[in-house]
Amino acid sequence: MNDNESSKKRKRARPRHRAQNEKLKLSSEKESAFAAERIDEDKEESTKASASAKRIKSQGQLSISSSFLAKMKAKLSGGHFRMINEKLYTCTGKEALEYFNDDPTLFDTYHTGYQEQMSHWPELPVNIIIKWLKDHSPSLVVADFGCGDARLAKNVKNKVFSFDLISKDPSVISCDMSNTPLGSSSVDVAVFCLSLMGTNFPSYIREAHRILKPRGWLLIAEVKSRFDSTTGGADPKTFTKAICDLGLTSVSKDFSNKMFILFYFKKKEEQSSKKKEVEWPELKPCLYKRR
């Protein structure tokens with residue numbers, strides 16, 4: 001092969017080498033671009049993951065903070081309830097009425113705490129009294145002393161006069177329970193459901209005796225510990241005798257519930273003209289423990 005032919009072959013080969021080099025260059029550029037794109041995607045995913053982790057951490061901290069605040073609020077509310085509860089057991093009805101009239105929001109605080117306490121009881125005395133009324137004539141007129149949310153009136157067909165210190169419902173009559181607006185011998189049933197609070201509780205029972213018709217019923221449900229003589233409570237026999245000396249007869253007592261006692265009395269048909277001196281036992285305050 002002469003020099004001219006060799007030179008021609010080299011010239012023909014150069015374009016092919018250039019084309020191959022261009023392909024390699026483009027391939028390398030594509031790989032570099034792809035790698036750069038992957039790096040950007042990885043960075044973006046890493047940034048999102050980091051932001052998500054921070055958000056989850058923040059939400060966790062917020063949840064813990066909210067839970068802590070809720071617990072603190074419940075603790076403060078519980079403490080406020082216990083303070084009001086102790087006040088009601090250690091003052092007169094008149095003083096309690098003035099106490100709530102000065103700040104009606106305290107009544108809501110008390111009843112919110114009261115409902116929370118009752119939620120731990122396996123059975124509520126108001127439900128037993130409701131059942132008792134349903135087992136008797138719906139024509140019986142009832143006076144509910146210390147009615148609270150007027151649950152009794154809302155669950156029976158009877159005409160019910162609901163009394164409490166503060167009225168949050170149109171059906172509730174606000175008054176000192178020792179001085180109701182009802183006339184003498186005007187109701188068939190008088191109810192005290194966990195409401196013999198205050199140092200002058202005998203005046204409430206005397207008022208119930210006044211408004212009861214002859215042979216009318218007096219139903220009393222009270223916390224059992226208030227009648228545990230081994231821990232400073234009143235003797236149930238002494239309590240029963242005091243009410244009988246007022247002019248009623250004891251029909252029955254129910255000690256079966258571990259949380260409360262139920263007393264059933266009836267007003268005597270004939271009332272003695274001589275006023276007998278009644279010796280009332282002291283009922284110790286029902287003070288709730290911190291939970």
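Colleague: Which residue does Asp169 form a salt bridge with?
Modeller: Asp169 pairs with Lys154, the closest N and O atoms being 3.9 Å apart. A salt bridge here is a side-chain nitrogen of Lys or Arg within 4 Å of a carboxyl oxygen of Asp or Glu. This is a predicted model, where local features need pLDDT of at least 70, side-chain atom pairs count only at pLDDT 80 or more, and totals for chains, interfaces and linings use all residues. Residues are numbered from 1 along each chain as its sequence is written, and side-chain values use heavy atoms, with hydrogens and water left out.

Colleague: Where do Asp169 and Lys154 lie?
Modeller: Asp169 is in the loop between β2 and β3 and Lys154 is in helix α5 (residues 151-154), so the pair ties together parts 15 residues apart in sequence. Helices (H or I, at least four residues) and strands (E, at least two) are DSSP runs, numbered from the N terminus.

Colleague: Is Lys154 buried or exposed?
Modeller: Lys154 is exposed, with a relative accessible area of 56%. Buried means under 20%, exposed over 50%, partly exposed in between (1.4 Å probe, protein chains only).

Colleague: How many salt bridges by this rule?
Modeller: The count comes to 7 salt bridges. One of them joins Arg210 and Glu207, with the closest N and O atoms 2.7 Å apart.

Colleague: Is Glu207 buried or exposed?
Modeller: Glu207 counts as buried, at 6% relative accessibility, while Arg210 is partly exposed at 27%.

Colleague: New topic: what is Thr240 in contact with?
Modeller: Beyond its neighbours within four places in sequence, Thr240 is in contact (heavy atoms within 4.5 Å) with Ser250, Lys253, Phe263 and Phe265. Thr240 lies in helix α7 (residues 236-246).
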